[in-house]
Amino acid sequence: MYLDNDDERVLAGEFGETRQKMMEILVALGEVYGAGKLIPITGAQVSGASYKTIGRWGLAWLQSLNARVVVPTVLNPIGMPREGWQDFGIDEEFARHQAEVVEAYRRLGVRLECTCTPYYLRITEYGEHLAWSESSAVVYANSVLGARTNREGGPSALAAAIIGKTPYYGLHIVENRRPQVVIDIEGDTGPHAGHWGAIGHIAGKKVGNRIPIFQGIRPNRDQLKALGAAMAATGAVALFHVDGITPEARVFSFPTDGLDRVTVTEDEIEALFEDTGVEAVAVGCPHCSADELREVAELLRGKTTTKPFYVFTAAWIAKNNLDLVSVIERSGARVITDTCMVVSPRMDEFRSIMVDSGKAFAYVPGMCGAIARIGTRAECVEAATS
Amino acid sequence: MQGRGISRGRGTGELLVSPEPISFLSGVDPETGVVVEHDHPLEGQSVTGKVLVFPYGKGSTVGSYVIYALKQNGVAPAAIINQEAEPIIAVGAIIAGIPMVDRLPPEFYKLSPGRKVTVNGDTGEVCLDGETG
């Protein structure tokens, strides 16, 4: 792989041990994936932020580093809200370790925004090269925004953030972004994010790691978010196209003759929507947009919850929509920031959780040890208030 | 024998060979270096001080931190050899400072387990003990 003089000096250790290690990571990944060079990135999002996932050895490694990021960098959700974790039922020992992880990232110059939706914090442009980690953020950046990122691991995203570059391979290269399989959806797609999550849940299993293109549907951005997040969870989808809707499908014409076709049937979608009792309800996987927060607030207005109902979003979105937060919390529901239902130990105590997300539906059983039920946002509110 | 250097440094030890991939997260005990994955060909064996040979990594990316933990606890392998490196093991070896090489020629895999070798992660070379390189 080609390295310029500055990169070579970093690799030789002239700029300290941490930068040397980070360059070694980028060079090794470049070798593994056959990259010819490094390219500059405009931003990074680092996973491995919850103490629940990285544990004490991940923390020890972060604490051993001594450098600062050189591009705007944010974190994936952590294991608790940074403020008010006591009210969220987090034990003190976990909170102490989680605070140490956050402090380690702060020392590295990472902006302490902990979200899987970094695209709401900073405008991300078509064609930007990024090093993002969280699977739903990656698929959104690539598909909905037309930015370019591979699905990075925590250390490789951090390495890219500290060096300001990433190896040029995979989805950074335009030729590698063409659709490989066509998905047909049977029947009415419906207006609900829960429905799009269910479609994505099924589609992801069918396409695996291929790049799909959908035809004949017109989802909005929040629906695209739900669709992509679910496909990234059940498949390894990091990019999808929707004919006439997503940016690259409008810039390029993608011939689909000769591609494999798979169908998501109405029966398959209906089969996911089981009507069973649940102990708690959680929405906001990925974190709610302002529009989604508004929808939840309108659904909850004047009602009272009868079981725990958590709404997850980025701290920045909550702070800018305090009116919606207050409507939601007046019902007894809680708006929780910085964390999510998958990475927080808080959700482990429930035996069954209802979600409006195909992604959460895939992860809740393994990560929280709970039975998951999927429904539309309205059905989630119904379940929490009946 | 010439392979591809993935993680720098030199390590010498006896070959410990797994025909199956290894998941470090939940597959190897970070405190003792013993393989604990149920029904794994190396179950019950220690990777400590060995030149650990396996096809490639599998499982969670958190496995990289387990490799780091093995090194911090003084129970890491002396070196790692993969058929084909992938990010979990490559990143783990680099952050832990464990020499790692991949893509060795087929004759390497005819060596008997227990044979002592030296792995040079800078050059990608693997030498039988007693030879120079």
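Trainee: In which loop does B:S26 lie?

Mentor: This is a predicted model. In it, B:S26 is not a glycine, yet its phi is positive, at about 70°. As for its place in chain B, B:S26 lies in the loop between β2 (10-17) and β3 (51-54).

Trainee: Is B:S26 buried, partly exposed or exposed?

Mentor: A residue is buried with 20 or more other C-beta atoms within 10 Å of its own, and exposed with 12 or fewer. B:S26 has 13 such neighbours inside 10 Å, and therefore counts as partly exposed.

Trainee: B:D39 also lies in the loop between β2 and β3 of chain B. Is B:D39 buried or exposed?

Mentor: Phi of B:D39 is near 70°, a positive value in a residue other than glycine. Most residues other than glycine have a negative phi. Because B:D39 has 6 C-beta neighbours inside 10 Å, it counts as exposed.

Trainee: Which strand of chain A holds A:P286?

Mentor: A:P286 is joined to A:C285 by a cis peptide bond, with omega about -5°. Most peptide bonds are trans. The strand in which A:P286 lies covers residues 280-288 of chain A and is β10.

Trainee: How many residues does chain B give to the contact with chain A?

Mentor: Chain A gives 18 residues to this contact. Its side divides into 9 nonpolar, 6 polar and 3 charged residues. From chain B, the number of residues is 20.

Key:
Residues are numbered from 1 along each chain as its sequence is written. Chains are lettered from A and ligands numbered from 1 in the order in which they are written. This is a predicted model: local features need pLDDT of at least 70, side-chain atom pairs count only at pLDDT 80 or more; totals for chains, interfaces and linings use all residues. Two residues are in contact if their C-beta atoms, placed from the backbone, lie within 7 Å. Ala, Val, Leu, Ile, Met, Phe, Trp, Tyr, Cys and Pro count as nonpolar, Asp, Glu, Lys and Arg as charged, and the others, Gly among them, as polar. Helices (H or I, at least four residues) and strands (E, at least two) are DSSP runs, numbered from the N terminus.
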